[in-house]
Amino acid sequence: ELEYIFTHALTQEVAYESLLIQRRKLFHEKIAITIENLYEQKLEEYYEVLSYHYEKSGNSDKTLHYSVLAGEKSILNGANQLAYEFFHKALTITQEESLEVDPEIKFKIHFNLGMASYNAGGFEEGISEMREAHHICRQQDMIENEKQCLYFQGLFLIPFPDTYDIEKYYKDLLDRAKKLKVTSIEGAVLGLLGCRYGCYGDLS
């Protein structure tokens, strides 16, 4: 009988906790919807708050949406660590949830993760994320976005040691710019390579 009472009480506690979790989720969802309705004309001020409440509500689509917007806002404000956190949250959602994510959003996540990481001193992660953004561009034929990736990869490579096979990396960037027939990017990458030569001397 004691075992039954204990098991019954434990079952009740688990059920009660589950109910509380559902209520909390609904509470956060209602707060987010209220903010969207009340502040529709100045929603930009609340991107971070909306990302938080929708995450707590379990609404992955909305969390992704506002995390990307909050991350972009943080990048513009020079808050690189905060931007990194929002874009990392967005990336985690795309990896863990079975969401249909637009390639443009995927590009934004990796591109801005690269920017935020590099600006915060995470050079390895910065170049890795920028390469992933570039890969998405090539898959989806996103030429304008690819131009940005080519330029920023060239920029990001300047402080890297020679062991990173810098010469080949720059050659690949230049070859791609030539193939796209984008002389402005080709010239920019050559200029960045020149900056590296100026800083470190011969790459060989």
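**Pocket, helix pair and salt bridges**

By class, the largest pocket is lined by six charged, three polar and three nonpolar residues. Here Asp, Glu, Lys and Arg count as charged, Ala, Val, Leu, Ile, Met, Phe, Trp, Tyr, Cys and Pro as nonpolar, and the others, Gly among them, as polar.

This is a predicted model, where local features need pLDDT of at least 70, side-chain atom pairs count only at pLDDT 80 or more, and totals for chains, interfaces and linings use all residues. Residues are numbered from 1 along each chain as its sequence is written, and side-chain values use heavy atoms, leaving out hydrogens and water.

Back to the pocket. Its volume is about 250 Å³, taken as the space filled by probe spheres set on grid points joined across faces, edges and corners. A pocket is an open set of points on a 1 Å grid over the protein atoms alone, where a 1.4 Å probe fits, with protein on both sides within 12 Å along at least five of seven lines; lining residues have an atom within 4 Å of a point. Of the 12 lining residues, Arg131, Gln153, Tyr169, Asp172 and Leu173 are the closest to the centre. Helix 8 gives the most, five residues. Helices are DSSP runs (H or I, at least four residues), numbered from the N terminus.

Next, salt bridges: a side-chain nitrogen of Lys or Arg within 4 Å of a carboxyl oxygen of Asp or Glu. The count comes to eight. In one of them, glutamate 72 pairs with lysine 108, the closest N and O atoms being 3.5 Å apart. Glutamate 72 sits in helix 3 (residues 60-76) and lysine 108 in helix 5, 36 residues apart.

Key. Helices (H or I, at least four residues) and strands (E, at least two) are DSSP runs, numbered from the N terminus.
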